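This report describes one protein chain for a reader who has the sequence and the model at hand. Please keep both in view while reading.

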Amino acid sequence: MLFFNFTRIFKLKGIDRPFSYLTANGYSAGYATKLSNNRVLEINLDRLQKFCKDFNCTPNDILDFRPNPKDHLPEDHALHTLTKKEKFNEINAKINTLSIEKIQQIHDIIKNME
């Protein structure tokens, strides 16, 4: 099953209060609520483009695929490329075990990527 996973984007971007963030960036309260609660079932291309532009992502970053066992898709089917693993918890856990010096090194590396 394909679905939109906006929550994943918010977590990866470090946005703890997506509704507030979205409304502050020009999204209507109603639409911000739908995005924040992952209740978007369809989206027009203009809105999808705005979101991707605002969050520096692609539609493939937002789409997620969870196979239905009844569908019997082969493991090499292209839809499986949209299956996302939740990496942000793993990354945070690893960072939390590092020394301050190593965290500073990561910060410096990220800063140089800009």
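The model is predicted.

**Nonpolar core**

The largest nonpolar core comprises 18 residues. Those with the most contacts inside this core are Phe-6, Phe-10, Tyr-27, Leu-35, Phe-51, Phe-55 and Ile-62. At least two residues of the core are supplied by each of α1 (6–12), α3 (29–36) and α4 (45–55). Helix α4 gives the most, namely four residues.

With neighbours within four places in sequence left aside, the contacts of Phe-51 are Phe-6, Ile-9, Phe-10, Tyr-27, Leu-35, Cys-57 and Ile-62.

**Largest pocket**

Rolling a probe the size of a water molecule over the atoms shows where empty space is left. In this model the largest pocket has a volume of about 150 Å³. Its lining consists of Met-1, Leu-2, Phe-3, Phe-4, Asn-38, Arg-39, Val-40, Leu-41 and Leu-63. Strand β1 (residues 2–4) contributes the largest share of that lining, three residues. Sorted by class, the lining holds seven nonpolar residues, one polar residue and one charged residue.

**Backbone angles with positive phi**

Most residues other than glycine have a negative phi. Which value does phi take at Asn-38? Phi of Asn-38 is near 55°, a positive value in a residue other than glycine. Asn-38, which also belongs to the lining of the largest pocket, is placed in the loop between α3 and α4. Asn-38 counts as partly exposed because its relative accessibility is 26%.

His-72, likewise not a glycine, has a positive phi of about 50°. His-72 is found in the loop between β2 (63–65) and α6 (88–96). With a relative accessible area of 68%, His-72 is exposed.

How many salt bridges does a search of the whole structure find? The search finds one. In this salt bridge the side chains of Asp-54 and Lys-50 meet at 2.8 Å, N to O. Both Asp-54 and Lys-50 lie in helix α4, four residues apart, which is about one turn of the helix. Asp-54 is partly exposed at 33% relative accessibility, and Lys-50 is partly exposed with a relative accessible area of 33%.

Lys-11 is located in helix α1. Its relative accessibility of 48% places Lys-11 among the partly exposed residues.

Asp-61 is located in helix α5 (residues 59–62). At 27% relative accessibility, Asp-61 is partly exposed. When residues up to four places away in sequence are not counted, Asp-61 touches Arg-8, Ile-9 and Lys-84. Ile-9 is also one of the contacts of Phe-51.

The table gives one C-alpha separation for each of these two residues.

| Residue pair | Separation along the chain | C-alpha separation |
|---|---|---|
| Lys-11 and Leu-82 | 71 residues | 18 Å |
| Asp-61 and Gln-105 | 44 residues | 27 Å |

Conventions
Residues numbered from 1 in each chain as written. Predicted model: local features only at pLDDT ≥ 70, side-chain atom pairs only at ≥ 80, totals over all residues. Heavy atoms only, no water. Core = buried A, V, L, I, M, F, W, Y, C linked by side-chain atoms within 4.5 Å. Buried < 20%, exposed > 50% of the residue type's maximum accessible area, 1.4 Å probe, protein only. Contact = heavy atoms within 4.5 Å. 1 Å grid on protein atoms, 1.4 Å probe; cavity = no way out; pocket = protein on both sides within 12 Å on 5 of 7 lines; lining within 4 Å. Points joined across faces, edges and corners; volume = space filled by probe spheres on them. Nonpolar A, V, L, I, M, F, W, Y, C, P; charged D, E, K, R; others polar. Salt bridge = Lys/Arg side-chain N within 4 Å of Asp/Glu carboxyl O.
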